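Dear colleague,

I am passing on the structure below for you to look over, and my notes on it follow.

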Amino acid sequence: MHVVVVGAGVVGVTTAHYLSELDCSVTVIDGERAVALGASYANAGQLSYSFTDALARPAFLARIPGVLAGRDEAYRTRLTPELLRWGIRFLAQCTNRRATKNTVAMLQQALRSATLMHELHATLPFEFSYRQAGKLVLLASREEIAAAVAGVELKKQYGCDTEIVDAKAAMEIEPALGDAGDRFLAAVYSREDEVADSKAFCDGMQTMLEATGKVRFRFGQDVQRLRQRDGRLVGVDFIGETLDADAVVVCSGVGSDALLRRVNIRPSIYPVRGYSVTLPPGPAAPQVSVTVLGRKFVFSRIDGHVRIAGFADFTGFHTDSDGERIAALLDTAREFAPLAADYAAQEQAQWGGFRPMTPSGRPFVGPTRIPGLFVNAGHGTLGWTLACSSGYDVANAVAGAAH
Ligand SMILES: Cc1cc2nc3c(=O)[nH]c(=O)nc-3n(C[C@H](O)[C@H](O)[C@H](O)COP(=O)(O)OP(=O)(O)OC[C@H]3O[C@@H](n4cnc5c(N)ncnc54)[C@H](O)[C@@H]3O)c2cc1C
């Protein structure tokens, strides 16, 4: 069985891996010149198995006026008909019932991802800065603490081991937080969460998969069209060429909507821009992953460096504000934890990427109404975390449909 995977980000690469394990012959196609040059390039690296909380929740509603007025440093918006359409669907998810349902669905997917990642890691012949770093989500208000207490209780029912610790205990877990000790009241601690470099993972996977002879990568090829015959998906078209396939899996991140819209499938994936800066560590650089919840940014320690990542801009595919937003992210991090990174270092890598966000925060994983067409896209803030379980699930759906 020949399967075309469209997209060589972390989601496409893991999908290709699980397909090859099921003895499929796979071609991965990407418009870029290498793997992981989209959202998977320099994300925060957190394998955030315990923190799957949906952005769409009642508490976020109170924040929306400030976000729309540009008063909230973590968010920017540019109102367009597309964002309005997406925003209405997002608002519909902002109920307690839906937020709980979405958070639990992602938690279950994330916990399966952890198990699959542990199994996979034991077999991989390459390094990708993978380690069990643990994670602290810092809480700065009574409201955040109350919501976190409820979240910890909820997740416990699904076998997720997290706890609320006070600021003093958080500083014992991560002494570097002494630097920021007066800026938070408590934290959620998840000992088992991990961190790793998703770009290095994709690079290593490409080499490993090519060596099996079952997976081929083709770069610099933008898929223009999903080709159908007699109501069934039979391949893909790119400029000047057609490639036949028994099945196609769209793993195209923020490119998925445009591709699928042409066959009347609308997963509603909006590009939410976020940023990262990778710096040498400062004198008090955290080893534990740290999320500053209310201000939507994180510190991760990856491969001896500190990566500061965050913000969420709903401004379409625009990139013209990147410089200003990265400067704001750095200012926020410097003000919060002045000793965490060497902010003055010449050696710093700045980056912006588009998170493929659905209104619920949950990805679209599985078959579509068109036989032979599958989707694995829309992982939003959690694509690295969910890559293994969603790759495994969609690969099994493809193989299952063939029998
Ligand atoms: C600042 C930031 C921090 C983040 N931190 C974390 C984190 O700590 N933990 C976590 O789990 N997640 C994190 N994420 C989210 C995560 O990075 C994404 O969810 C994930 O990378 C999505 O992977 P993907 O493979 O679906 O998309 P991508 O990596 O974007 O890959 C999609 C690929 O499809 C290709 N493509 C698109 N259309 C076409 C077409 N028509 N033809 C051919 N190729 C096409 C693109 O070129 C691209 O290479 C973060 C994201 C950002 C922006």
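This is a predicted model: local features need pLDDT of at least 70, side-chain atom pairs count only at pLDDT 80 or more; totals for chains, interfaces and linings use all residues.

Taken along the principal axes, the box filled by its C-alpha atoms is roughly 65 × 45 × 45 Å.

As for secondary structure, the protein chain contains 11 helices together with 20 strands. Of its 403 residues, 57% count as buried, and the accessible surface comes to about 16,800 Å², with 52% of that area belonging to carbon and sulfur atoms. When contacts between residues at least 6 apart in sequence are considered, 75% of them join residues that are at least 24 apart.

The helix pair I looked at joins two separate parts of the sequence, namely helix 1 (residues 10-21) and helix 8 (residues 198-212), whose axes come within 10 Å and cross at roughly 30°. The crossing in which helix 1 passes helix 8 is left-handed. On the side of helix 1, the contact is made by Val10, Val13, Thr14, Ala16, His17 and Ser20, while helix 8 contributes Ser198, Phe201, Cys202, Met205, Met208 and Leu209. Sorted by class, the residues in this contact of helix 1 with helix 8 are eight nonpolar and four polar, with no charged residues.

Key: Residues are numbered from 1 along each chain as its sequence is written. Side-chain values use heavy atoms; hydrogens and water are left out. Axes are lines fitted to C-alpha atoms, for helices over the stretch in contact, and angles run from 0 to 180 degrees between N-to-C directions. Helices (H or I, at least four residues) and strands (E, at least two) are DSSP runs, numbered from the N terminus. A crossing is left-handed if the near helix is turned anticlockwise from the far one by less than a right angle, and right-handed if clockwise. Contact means heavy atoms within 4.5 Å. Ala, Val, Leu, Ile, Met, Phe, Trp, Tyr, Cys and Pro count as nonpolar, Asp, Glu, Lys and Arg as charged, and the others, Gly among them, as polar. Buried means under 20% relative accessible area, exposed over 50%, partly exposed in between (1.4 Å probe, protein chains only). Accessible areas come from the Shrake-Rupley method with a 1.4 Å probe; for residues, only the protein chains shown count as cover.
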